[in-house]
Amino acid sequence: YLNIGRQDSNRRVSGAQGAINASYEFKNNFGLIGEISSQSEDFEQPKGTYALGSVTYKVNKRLRLDTGMRFGLTSASPRVGFFAGFTTGVGKPFKH
């Protein structure tokens, strides 16, 4: 459930979002991610349904690089988008 403040007034808008994904990491530190997501309201991202595909590379225990594409599956969503980024661990919450 989303409760979003509107930029053009002091009113709010309600909506929903959801996603399901699958991922696999190969023995050579590369990985693949696939995702289907949908959202009904958001001022940052256009509403719609998307399919996402990503390739990841695990640099070390705390750093992972990723890049991929997102494809719009509905008429309200943009046709294609590209992304690249990284994920890092910043702490050690559990001792092993």
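This is a predicted model: local features need pLDDT of at least 70, side-chain atom pairs count only at pLDDT 80 or more; totals for chains, interfaces and linings use all residues.
Me: Which strands form the open sheet, and in what order?
Reply: 5 strands take part, in the order S3-S4-S5-S6-S7, with antiparallel pairing. From one strand to the next, the twist averages 20°.

Me: Why are strand S3 and strand S7 said to stand at the edges?
Reply: Strand S3 (17-25) and strand S7 (80-88) each have a single partner strand, so one side of each has no neighbour in the sheet.

Me: How do you know that strand S4 and strand S5 pair?
Reply: Pairing requires at least two bridges found by DSSP. Strand S4 (residues 30-39) and strand S5 (residues 48-58) share 10 bridges in the antiparallel sense, so the two strands count as paired. Leu32 stands opposite Val55 in S5.

Me: Why is the contact between Arg64 and Glu25 called a salt bridge?
Reply: The closest N and O atoms of Arg64 and Glu25 are 3.4 Å apart. The cut-off is 4 Å between a side-chain nitrogen of Lys or Arg and a carboxyl oxygen of Asp or Glu, so the pair qualifies. Side chains of opposite charge can pair when their charged atoms come close. The structure holds 1 salt bridge.

Me: What makes this pair a link between distant parts of the chain?
Reply: Arg64 lies in strand S6 (residues 63-72) and Glu25 in strand S3, and the two are 39 residues apart.

Me: Are Arg64 and Glu25 buried, exposed or partly exposed, and how do you know?
Reply: Buried means under 20% relative accessible area and exposed means over 50%. Arg64 has 27% relative accessibility, so it counts as partly exposed. Glu25, at 35%, is therefore partly exposed as well.

Me: Why is Thr56 called buried?
Reply: Thr56 has a relative accessible area of 4%, and the limit for buried is under 20%, so Thr56 is buried. This residue is found in strand S5.

Me: Which residues does Thr56 touch, leaving out those up to four places away in sequence?
Reply: Thr56 touches Asn29, Phe30, Gly31, Leu32, Ile33, Arg64, Leu65 and Asp66. Arg64 on that list also forms the salt bridge with Glu25.

Me: How many of the residues are buried, as a percentage?
Reply: Buried residues make up 16% of the 96 residues in the protein chain.

Methods
Residues are numbered from 1 along each chain as its sequence is written. Side-chain values use heavy atoms; hydrogens and water are left out. Buried means under 20% relative accessible area, exposed over 50%, partly exposed in between (1.4 Å probe, protein chains only). Helices (H or I, at least four residues) and strands (E, at least two) are DSSP runs, numbered from the N terminus. Axes are lines fitted to C-alpha atoms, for helices over the stretch in contact, and angles run from 0 to 180 degrees between N-to-C directions. Contact means heavy atoms within 4.5 Å.
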